[in-house]
Amino acid sequence: MTAEAGVNGKDKAAARGAGLKFFGIFPFPLCLGLVLFAASMAPSLIPRGWVLQGILAGLVMAIGYLIGRFGVSLWNALQIPPLARRWSVSLAGLASISSVGLLVWSLAMSANWQNSIRQRVDMEVVDGFHTGAIVFVALSVFLCLFLLGLGVQWVYDLLRSRLYRLIPRHSANTAGFILVVALLFILTRDGLVARTMDFLDSSYETAQELFATAPMPPEDGSLPGGPGSFVDWGAMGQPGRDFVLAGPDAAAITAFTERPAKDPIRVYVGRAQADDPEGRAVAALEELIRLGGFERGAIVVASPTGTGWLDPGGHDPMEFMLDGDVATVAVQYSYLQSPLALVFETNAGLDQATATMRAVYDHWRSLPSDSRPEFYMHGISLGAWSSMYSFDIFAMVNDPINGAFWAGPPFPSDLWQRAIRARNPGTPYVLPEVGTGKLVRFLSQYKGADRAVADWGILRVAFLQYASDPIVFYEPASLWRAPEWMREPPAADVSPDLIFVPVVTQLQLALDMALSTALPQGYGHNYVAEHYIDGWVEILQPTPWTGADTVRLKEICSLDWGLGCKN
């Protein structure tokens, strides 16, 4: 009797263990993966095509499965008693039906969700969203990652089995885990990532047309790179040459203002000019002095994007406003696209902007205060971040510059974050109001910087940002909590169907950053001359200037990306 009871007890325990295995090892992690797959279909800031959506869905499904497997391992490690078979089977069935049902519903809603973004950013709506293709791509990505995970598990098992012969079992498990993590880190850092970075860096450098492939330098000594210049034309790169040769000339400005005008001065120093930021900054200062930049009415220290590009829409308008009596200086620090430079060359832009700003500001400060030009700072995207970083308020407190205008400031920008945190209660995160507006103002495509209750002070700072720009509103903490802007009513260019899901939202926003210029002009990370004009009017306070002048300038400035104002 006792033996029979013991056998029955073992059978019941085995049954309960089988039930836990059925619920814990297969359905629960897979169901969690399907739930994250379904959540990834929800809209974010940028509409996604079916291929990218499938890749995203497969990735989050794999992450969900991994989290589920970790949860099961933790359950077992804590020696929590297993569920009874009937409970495990019932819960497994309920979880499976619910997760599959949620996925089917989200796939059916996907076109509507994507259209909720598209119709708010002037994009054509879609009738369907290739749900079958999305499922195929997602499952393919999931399978590849699953097999990769099995490979990592095999390596881990192999290492710890060898270590069992040398050290205690628990220590071998820990050591095996550390070795696998170290191996993966080395392979990605010194292998995949390094080779990818070398390829991208060389490809972008080739596209710059440096030295041997550069066109002939100008014969005009009033241009950087020309006779007597301190700037090497071959080292300037394509973005720099485009900048110094483009823009309105005195004739075009006079045709608009009907006043005498000057040819604006534009100085650009390429990354290949010198090996260090200080060397490039010295060359920029010497060239600025040579061309008479400090004899102009205004100086603008501009920071380019990662590739060295400067937005014509941000520079052409202010040259019209100032009758060409302005000198702009910029120094390149990278060849990479801004998202790549932000991650892999973080300090390059910060160091270069600081060196350039220090060189130009120190010389400007040494000039008589009653005859030196007005001083402004400007940058877009990664250039805005580096420019803000070089904004040393402690050095300027007794001798401040006149103003700064930053567009599309990336989320890590400390000065921008502090301004956001200082916003008045009740004002939105994406377009805040700070104090009375005497020092800092925000503007977007919907509201300008002229809505402050007080007049500008000595120093004028403005931020131009679109609520649909993920470069600005990406939030690293969205891995586990909703960004603050998601807890407020959505802006006019943001989908009202946007929801927060841990893990998924961060990956959606990360993909949005990569697609940040995929929206039409005036949305996402595509800043246009029309909105720069509103900001520059507030920062420069040009005279004589009227509202009618603003309207006319907007009419001649193109809304096309990169075209600036027509001469």
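Asp362 is partly exposed, with 35% relative accessible area (partly exposed lies between buried, under 20%, and exposed, over 50%, using a 1.4 Å probe and protein chains only). The model is predicted, so local features need pLDDT of at least 70 and side-chain atom pairs pLDDT 80 or more, while totals for chains, interfaces and linings use all residues. Residues are numbered from 1 along each chain as its sequence is written, and side-chain values use heavy atoms, leaving out hydrogens and water.

Asp362 has a partner in Arg365: their closest N and O atoms are 3.4 Å apart in a salt bridge (a side-chain nitrogen of Lys or Arg within 4 Å of a carboxyl oxygen of Asp or Glu). Both residues belong to helix α12 (residues 346–365), three residues apart, about one turn of the helix (helices are DSSP runs of H or I with at least four residues, strands runs of E with at least two, numbered from the N terminus). Arg365 is also partly exposed, at 36% relative accessibility.

By the same rule, the count comes to 13 salt bridges. Another of them joins Arg266 to Asp316, at 2.8 Å from N to O. This pair links distant parts of the chain, with Arg266 in strand β1 and Asp316 in helix α10, 50 residues apart.

Strand β1 belongs to an open sheet of seven strands, with parallel pairing and the order β1-β3-β2-β4-β5-β7-β6 (two strands pair if DSSP finds at least two bridges between them). The edge strands are β1 (265–269) and β6 (440–443).
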